[in-house]
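Please look over the sequence and the structure below before reading on.

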Amino acid sequence: MRNRILEKRYNYKLAFDWFKKKHWKPFKFQLDTWDAFLDGKSGLLNAPTGSGKTYAMWIPCVMELLETQKRAKGHELKGLRIIWITPLRALSKDICNALQTICNDLKLDWQIAIRTGDTPTSQRVKQLKKAPICLITTPESLHILFSQKQSASYFNSVRAIIVDEWHELLSTKRGIQTELVISRIKNLSNYNLKTWGISATIGNLEEALGVLLGPEYKGERCLIKAQIEKKIEIETIIPDKIDRFPWAGHLGLKLLPQLIPIIDRSTTTLLFTNTRSQTEIWYREILNKKPEYAGIMAMHHGSIENHLRTWVEDALRLGKLKLVVCTSSLDLGVDFSPVETIIQVGGPKGVSRFMQRAGRSGHQPDGLSKIYFVPTHSLELVEGAALKMAAKNNIHENRPPIKNSLDVLIQYLVTLSVGTGFDESTILREIKNTSAYQNITDVEWNWALEFITSGGKSLSNYSEYSRVERKNKSYAVSNKRFSTKHRLSIGTIVGDPVLNVRFNSGGYLGTIEESFVTSLNVGDVFWFGGRPCEFVKIKDMTVYVNKSKRKGGKIPVWGGGRLPLSSKLAELIREKLEDAKHGIFNEIEMQKLKPTIELQQLWSDVPGVSTLLIERTNSKDGFHIFIYPFEGRFVHEILSALIAYRISKIKPFTFSIAMNDYGFELLSDQDIPIEEALEQDLFSIENLMEDIEECINHSGLAKMKFRDIATIAGLIFKGYPGKIISNKHLQSNSSLLFEVFTQYDPSNLLIRQAQEEVITLQLDYQRLVKALKRINSQEIILKYTERVTPFAFPIMADRLRQKLTTEKISDRIIRLQKQLEEIAG
């Protein structure tokens, strides 16, 4: 039933007429969102990509603002009214165009403005002097606004906060920043603030809604789901020949001849890779194969210079590009209508990520999203089959929120102190109204206050760490130099220090990580942004290069390249293997993989849902144990170290360890007593934490994690623009602070956080526990194999590629592959 009272009060006819002129009709979820928003409710909108989520949220904002203007007897609306938060700067322009189009069509002289890290200083100054009606921005930019002296008055007219792509922020520290923004503006606004999120489908939508609204929200929580079935067509590029002994990375580019016709017959194609390095490689190889693509093909990733990225985005909208090779920088809801086809190279490692990328094509309510999956080795065909099953059954991963990050809290408290200052009791009430800090203890709160005012127990004698001045229960910063340094440091995205890349003759290319540059010698050629660049020199933290005509060259490596296999996708892969174990090969991917799986079954066994396979074999390299949990590389990294440690408790061993997403290998020069280890409950969860701390360099990992935490908390300054401090210097500073805290202030809560983040985030302790519990419920099958099996071969190949040898590794792997194929017959 339509809400006639709301329709009478607000000008729904204006909205209906606008839709009619566009030859559209509002969907039910859009009408429901309008009603809920105009009825003063807050909530979360869940709808497929390209279904009109932006209009569902902006139209009621317009209707409410028109009613406000009407009651003001036509006077100009003043002050900031709507904040629209987006996780990606690339999204802001697209959102701004959509919102401004509606205003222009309705002849509303309202300013919609963008404020991100790319916004020129002159525009930011104008925005502070005269606030727009709607500000499209990021969590970091809002925190920077909090550091301004006029921030309290700037936000007092805000009526609604809309968080776009909330699922992308939810499980990150940027999500905590967003929660803090909402809690602060709720208090600053003169209105009953409405909070709305826009989210793609995730497994924990109810939890996402609760985090967005906060634990003390008393109103009706609206979770609006669009009952629109998004049509997604998934097609796997099947190799003409399937290797029964696959290895990672050898297959992808071999399938390029099958991809070229797909690209040729599509108006515009986005080709996604999982890393920036792979983007550079694929761009180069495609250009070598199709030189006529020059000028109609581009590249897009986060390290490329902003103006070039913006040009690529604009050219995509206008249909000027045939192909863009990209990373997650184009994952989210940017509307590139000309895009017909998506290509995903390599396993996406997550269902939601794959569906999000698929949605870049057919970006209309009734549009078909077409995505091609390109395996980079044969076993990834199982991922292709699992992804099809996930799409069919609408399966998605959870995005768990982060709790109690004290580094983010410390940065936030200093930000407020740099701005208007804060009252202790007021801010404590506000932060307890966030999911992240609802359970903060008095000890933690008081420690944070002491830390920002004195540096805590071990730094109290150093004036540079006494950043905030306290008067009674009020906190503020008066030092202008420190205020400037803090504003430059606001944010929670921490990575390796980057260097600018410039042509010697002039012209900016983008940024590259210091760790890669240190591997270069003068005259070396590397590819960046699709161009061969000859390294000339480093000066003032800038890499100077010349254009090169050489076709070869190194590919830059950026940190954080590997994506973890999600637990949901891992579960689906095990289900597909369970089917194959029982002779069920429904999907074409599994049918093509049938010879490999049958050979695996003949020589050993096939793991699945109810079984864990362990293989034991010998070779000239030594004694091998292969274990196949199918839990993803990140879990296998810690699980393999744990198993190696527990076996070594029986008898001292030295192991080489290798792993992939499907399993791991333990290699020793001694016979490994796997039977005895299994009898002693090898996969037990008893004393798990103690064993983990023994089997890994927990202190070393915590020290590395501490650098990021210390940077966010403001203990380490990364430098002024153009004068970035070197990675070596930053690491030295953070290591020194870590040692000081560990020795003289062992109860320091940032040290505790570093240790906890290693366990919970880096090592994914909860997922490890879940995996071990699953293994303990499975039948363990121990097989003695005469030779390396099809499932073991890619793990062994990864180990060989990590070793130094005078022989080309790929040649040796191919030779071993041929030997095994001859044996298999």
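## Helices H22 and H23

Helix H22 crosses H23 in a right-handed manner; a crossing is right-handed if the near helix is turned clockwise from the far one by less than a right angle, and left-handed if anticlockwise. Lys576, Leu577, Ala580 and Lys581 of H22 make the contact with Met590, Ile597 and Gln601 of H23, where contact means heavy atoms within 4.5 Å. These residues divide into four nonpolar, one polar and two charged. Ala, Val, Leu, Ile, Met, Phe, Trp, Tyr, Cys and Pro count as nonpolar, Asp, Glu, Lys and Arg as charged, and the others, Gly among them, as polar.

H22 covers residues 567-581 and H23 residues 588-603; they pack at an angle of about 70 degrees, and their axes are 10 Å apart. The two helices are therefore roughly perpendicular to each other (65 to 115 degrees). Axes are lines fitted to C-alpha atoms over the stretch in contact, and angles run from 0 to 180 degrees between N-to-C directions.

## Basis of the model

The model is predicted: local features need pLDDT of at least 70, side-chain atom pairs count only at pLDDT 80 or more, and totals for chains, interfaces and linings use all residues. Residues are numbered from 1 along each chain as its sequence is written, and side-chain values use heavy atoms, with hydrogens and water left out. Helices (H or I, at least four residues) and strands (E, at least two) are DSSP runs, numbered from the N terminus.

## Lys576

Lys576 lies in helix H22. With a relative accessibility of 4%, Lys576 counts as buried (under 20% relative accessible area, with a 1.4 Å probe and protein chains only). Apart from neighbours within four places in sequence, Lys576 touches Val382, Ala385, Ala386, Met389, Glu587 and Met590.

## Helices H19 and H29

Helix H19 (residues 442-454) packs against helix H29 (residues 749-762) at an angle of about 115 degrees, with the axes 11 Å apart. Glu444, Trp447 and Phe451 of H19 meet Leu749, Leu750 and Arg752 of H29 in this contact. Its residues divide into four nonpolar, no polar and two charged.

## A sheet of three strands

An open sheet is formed by three strands in the order S14-S16-S15, with antiparallel pairing; two strands pair if DSSP finds at least two bridges between them. S14 (422-423) and S15 (469-471) stand at the edges with a single partner strand each, so one side of each has no neighbour in the sheet.

Strand S16 (residues 474-476) is joined to S14 by two bridges. Asp423 has Ser474 of S16 as its bridge partner.

Conventions
Parallel < 35°, antiparallel > 145°, perpendicular 65-115°, else oblique. Buried < 20%, exposed > 50% of the residue type's maximum accessible area, 1.4 Å probe, protein only.
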